[in-house]
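Q: I am new to this structure and would like to go through it step by step. Could we begin with the aromatic rings?

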Amino acid sequence: MTEQNPLFSRLTTTLAEESRTPLYKRFAAAIKEAVRDGILMHEEILPGEREFSQSLSISRITVRKAMDELEKEGVVFRSRGYGTQICSQFEYSLKEPKGLSHQAVLRGKKPDTVWINKSKIQCSAEIGEKLGLSKGSEVYLLKRIRYVDQQAVSVEESWVPAHFIADADDIGISLYDYFNKQQILPVKSQSRVSARMPDEALQQQIALPANVPVLVIKQLALDAQGNPLEYSISYCRSDMYVFIAE
C-alpha cells in the first residue's frame with residue numbers, strides 16, 4: 001500500500017538521491033514540498049514514526065529529527081495521543097503585490113480585516129526614504145489585524161503617500177481593491193523576511209503562543225514606473241504562513 005501512496009513515493013525518491021545533505025533534512029524538505037504540491041493537506045494527520053521508519057528503511061531517530069525541524073518551522077505540530085498534524089498554513093506569494101485578501105480568495109479562503117488605525121500623519125525620515133518622500137510629508141498610516149477563515153494570522157502596518165487616498169473610510173477589507181478602483185496598479189514588490197519572538201501585545205492581538213515566532217515581512221509595492229505606492233511591515237504567524245518567492 002505504501003508504494004502506491006504519493007507521499008511515500010515522494011519520500012522514497014527523495015531519500016534515494018545521492019546528496020551530502022543529511023537524511024533528516026531531505027526528509028523534512030520532502031514533507032514541505034508535499035504540502036506545497038497538495039499531496040499533504042492542511043490539518044492532515046501524518047503516519048507515525050514507526051510506519052515511516054519501516055516503510056522507508058530509515059531509523060526512527062532520522063524521522064524524529066525531521067519532525068523536530070518541521071515543528072520548529074511551523075509546518076507540523078505534535079500532541080501526545082493525537083499524533084503529528086500538518087498545520088493549517090496559508091501560502092502567500094512575495095513575487096508580486098496582489099495583497100493578502102486577493103491571494104486568500106484565489107486559494108478558496110475567506111479574508112477579513114479589523115482596522116486598528118486609519119490616520120493621516122507626517123512621515124518619519126525612515127518611512128519617507130522608503131516612499132521617496134521628504135521627512136514630514138503627509139502619508140496615511142494604516143494598521144490592521146488580518147484574518148483568514150476567521151482566524152487572525154497577522155498584524156500589518158502600511159504607509160501610503162497621502163495623495164493616493166482620497167478618503168480612508170472608503171478602504172474596506174483590501175487596500176489593493178481600493179487601489180484598483182482608483183486606477184493605481186502595484187505591479188512589483190521588494191520584500192525582506194526575518195523572524196523574531198512576539199511581544200505581549202502581538203500575542204494578544206493574534207492569539208499567538210509565546211513559543212511560536214513571528215515572521216516579519218517588510219515590503220515595498222511599486223507601480224510599472226518604479227514609483228513607491230506602499231511600504232508595509234507585517235507580523236505573521238509562522239505556524240500559519242508559507243511564503244513563496246519564486
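Q: How many aromatic pairs does the structure hold?
A: The model, which is a predicted one, holds four aromatic pairs.

Q: What is the arrangement of the rings of Phe-27 and Phe-52?
A: Their centres lie 5.2 Å apart and their planes meet at 85 degrees, so the pair is edge-to-face. An angle over 60 degrees is what that class requires.

Q: Where do Phe-27 and Phe-52 lie?
A: Phe-27 belongs to helix α2, residues 23-36, and Phe-52 to helix α3, residues 49-56. The pair therefore ties together parts that are 25 residues apart in sequence.

Q: Which residues do ring pairs link into a cluster?
A: The cluster consists of Phe-8, Phe-27 and Phe-52, linked by ring pairs.

Q: Is Phe-27 buried or exposed? And what about Phe-52?
A: Phe-27 has a relative accessibility of 0%, so it counts as buried. Phe-52 is buried as well, with a relative accessible area of 0%.

Q: Which residues touch the most other members of the largest nonpolar core?
A: Phe-27 and Phe-52 do, in a core of 23 residues. The elements that contribute two or more residues to this core are α1 (6-16), α2, α3 and α4 (60-72). Helix α2 provides the largest share, seven residues.

Q: What does Phe-52 touch, leaving aside residues up to four places away in sequence?
A: Its contacts include Leu-7, Phe-8 and Leu-11, as well as Phe-27. Also among them are Leu-46, Pro-47, Ser-57, Ile-58, Val-63 and Met-67.

Q: Which residues does the second, separate core include?
A: That core has 20 residues, among them Val-139, Leu-208, Val-212 and Ile-233.

Q: What is the phi of Ser-57?
A: Ser-57 has a positive phi of about 55 degrees, although it is not a glycine. Most residues other than glycine have a negative phi.

Q: Which other residue can we look at for a positive phi?
A: Gln-183, which is not a glycine either, has a phi near 60 degrees. Its place is the loop between α7 (175-181) and β7 (188-196). Gln-183 counts as exposed, because its relative accessibility is 64%.

Q: Moving to the other end of α7, where is Ser-174 found, and is Ser-174 buried or exposed?
A: Ser-174 is in the loop between β6 (151-161) and α7. Its relative accessible area is 9%, so Ser-174 is buried.

Q: What lies 3.0 Å from a polar atom of the side chain of Ser-174?
A: The backbone nitrogen of Asp-177 lies at that distance from the Ser-174 side-chain atom.

Q: Back to rings for a moment: what lies over the face of Trp-115?
A: Lys-118 does, at 4.7 Å from the ring centre.

Q: Now the whole chain. How many helices and strands does it have, and what share of its residues is buried?
A: The protein chain has eight helices and ten strands. Buried residues account for 46% of its 246 residues.

Q: Finally, among contacts between residues at least 6 apart in sequence, what share joins residues at least 24 apart?
A: In the protein chain, that share is 59%.

Methods:
Residues numbered from 1 in each chain as written. Predicted model: local features only at pLDDT ≥ 70, side-chain atom pairs only at ≥ 80, totals over all residues. Heavy atoms only, no water. Phe/Tyr/Trp six-rings, centres within 6.5 Å; stacked < 30°, edge-to-face > 60°. Helix = DSSP H or I, 4+ residues; strand = E, 2+ residues; numbered from the N terminus. Buried < 20%, exposed > 50% of the residue type's maximum accessible area, 1.4 Å probe, protein only. Lys NZ or Arg CZ within 6 Å of the ring centre and 35° of its normal. Core = buried A, V, L, I, M, F, W, Y, C linked by side-chain atoms within 4.5 Å. Contact = heavy atoms within 4.5 Å. Polar contact = N/O pair within 3.5 Å; in protein donor to acceptor, adjacent residues only side chain to side chain.
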